[in-house]
Amino acid sequence: MFCGKISLKVMNASNLPKKHETLNPYVQVKVDDEEVFKTRTVKDTIKPVWDENKEFHKKNVQYLIFTLYNDDEEMEALAECTLSLCDLGIEQIGRDVLKLKQSLAPQGELNIGIYLKEDKVDLKRRGAVDKIYRSQGHCFRKVFFSSPTYCSHCRNFIWGVGKQGMECSACSMAVHHLCHHQVLTYCPAAAKPEVEGEKMASRFRLNSRHHFVKKTYLLP
């Protein structure tokens, strides 16, 4: 969960779905399920430029959701993307402002600038705050499983007493304590931040070779 100040700049979009010859697009920004910002509508264009800034403070939130709408009678959604605030915080390390050229679904790219400043946690309360273990977009916490549970990574049974394993607060993936940093699949609840100027090929190689081994699974 993120607690702190979010400074946001929505710059422009390109390669939007060509449902019409021209569009009247605007961007709606939500933090989790709450709308916090809406840009102005740019008339008659397929390459809108907004360059609008918004700053707000939020507590215990996980995601930024950007949705592009066409401002017409139907008010149809054109494209969207969801970003994990946990991942954005990691990507921001060493940068003043995080500049993203983010892919949209089903089509398009959105250029945005983001700066996050987390609130300082009172040392007296720090022990009461659950530690978050971040890996591949997942936000894992140590949890107690009340029913038999298998690890989503190694597929073995999660044994133990107390908080036997870890669970992602977004997608509910369950893993062993020792397996959370080995998870390869990216959390489906959030898109991977695409930092402007960085090549995605260097961050995730699709041509990596697999090393398959025979295994007997206990799950159906």
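Asn70 touches His20, Leu23, Asn24, Pro25, Met75, Glu76 and Leu78, leaving aside residues up to four places away in sequence; contact here means heavy atoms within 4.5 Å. This is a predicted model, where local features need pLDDT of at least 70, side-chain atom pairs count only at pLDDT 80 or more, and totals for chains, interfaces and linings use all residues. Residues are numbered from 1 along each chain as its sequence is written, and side-chain values use heavy atoms, with hydrogens and water left out.

Asn70 sits in strand β5, residues 63-70. Its relative accessibility is 3%, so Asn70 counts as buried (buried is under 20% relative accessible area, exposed over 50%, partly exposed in between, with a 1.4 Å probe and protein chains only). A polar atom of the Asn70 side chain lies 2.7 Å from the backbone nitrogen of Asn24.

Now the charged pairs. How many salt bridges does a search of the whole structure find? There are 3, each a side-chain nitrogen of Lys or Arg within 4 Å of a carboxyl oxygen of Asp or Glu.

Glu34 pairs with Lys58, the closest N and O atoms being 2.8 Å apart. Glu34 is in strand β3 (residues 34-38) and Lys58 in strand β4 (residues 49-61), so this pair ties together parts 24 residues apart in sequence. Glu34 is partly exposed at 42%, while Lys58 is buried at 15%.

Next, Arg40 with Glu52, also a salt bridge, closest N and O atoms 2.8 Å apart. Arg40 lies in the loop between β3 and β4 and Glu52 in strand β4, so parts 12 residues apart in sequence are tied together.

Lastly, Glu109 and Lys101 meet at 3.8 Å, N to O.

Technical notes. Helices (H or I, at least four residues) and strands (E, at least two) are DSSP runs, numbered from the N terminus. A polar contact is a pair of N or O atoms within 3.5 Å; within protein, one must be able to donate a hydrogen and the other to accept it, and residues adjacent in sequence count only if both atoms are side-chain atoms.
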